[in-house]
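Opening the notebook on a new model today.

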Amino acid sequence: MDLTVSKKDILMLILAVAFCLCVGAISGLTAPSMDIYADLKTPPLSPPGILFPIMWTILYILMGISIWMMYRTSHNMLFYTLFGLQLVLNFIWTPLYFTWGFMTLAFIDLVLLWIAVAVMMYVAYKENVRISMYLLIPYILWLTFAAYLNLGTILLN
């Protein structure tokens, strides 16, 4: 892998991270209020609501760096397609859950999102862009935890 970083590379990194952060911010704005979470019966290990924006900010940054690493080293269209798909699935989870209250559909969306990210990780591994795969590990772990929380709120409410 080429370790030199050009001005164009730095610009692409900034754009990739900014784009992912914008997707997350716009998705968050679709929810009329996150107060619904505080009003729900939640499963054990449910974190305080303040943890969610902190975690998602970190995860969107890691996503942006991950796609940038693929951009620099591989042009696998399956990865890019899955990346776009997971961003769409990620984006629609918030309105499904918080705006419309479709918790079961949100859970299904989350399962599809988890699969898309797992396949992205596999593609990065097969393309020998391991750093891209490693950057997605916190994301898939958080999605697993989010699925637990989502399913827990379905069962408890």
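**Entry 1: salt bridges**

I searched the whole structure, which is a predicted model, and came away with one salt bridge. The partners are R72 and D9, with their closest N and O atoms 3.5 Å apart. That falls inside the 4 Å limit I use for a salt bridge. I then checked where the two sit: R72 belongs to helix α3 (residues 51-73) and D9 to helix α1 (residues 7-29), so the pair links distant parts of the chain, 63 residues apart.

Buried or exposed, I wondered about D9? D9 counts as buried, at 12% relative accessibility. R72 comes out as partly exposed, with a relative accessible area of 21%.

**Entry 2: α4 against α5**

Next I looked at helix α4 (residues 77-99) and helix α5 (residues 103-126). Their axes are 9 Å apart and the packing angle is about 160°. Anything over 145 degrees counts as roughly antiparallel, and therefore α4 and α5 get that description. I noted the crossing of α4 and α5 as left-handed. What kinds of residues make up the contact of α4 with α5? I get 23 nonpolar, two polar and one charged.

**Entry 3: α1 against α4**

The crossing of α1 with α4 is right-handed.

**Entry 4: positive phi**

I went looking for positive phi in residues other than glycine and wrote down two cases. L45 has phi near 75°. L45 lies in the loop between α2 and α3, and at 69% relative accessibility it counts as exposed. N128 has phi near 65°. Its place is the loop between α5 and α6 (130-156), and N128 also counts as exposed, at 55% relative accessibility.

**Entry 5: confidence**

Last, the pLDDT check. The chain has a mean pLDDT of 94, and 97% of its residues reach 70 or more.

Terms used. Residues numbered from 1 in each chain as written. Predicted model: local features only at pLDDT ≥ 70, side-chain atom pairs only at ≥ 80, totals over all residues. Heavy atoms only, no water. Salt bridge = Lys/Arg side-chain N within 4 Å of Asp/Glu carboxyl O. Helix = DSSP H or I, 4+ residues; strand = E, 2+ residues; numbered from the N terminus. Buried < 20%, exposed > 50% of the residue type's maximum accessible area, 1.4 Å probe, protein only. Axes fitted to C-alpha atoms, helices over the stretch in contact; angles between N-to-C directions. Parallel < 35°, antiparallel > 145°, perpendicular 65-115°, else oblique. Left-handed = near helix turned anticlockwise from the far one by under 90°. Nonpolar A, V, L, I, M, F, W, Y, C, P; charged D, E, K, R; others polar. pLDDT = per-residue confidence, 0-100.
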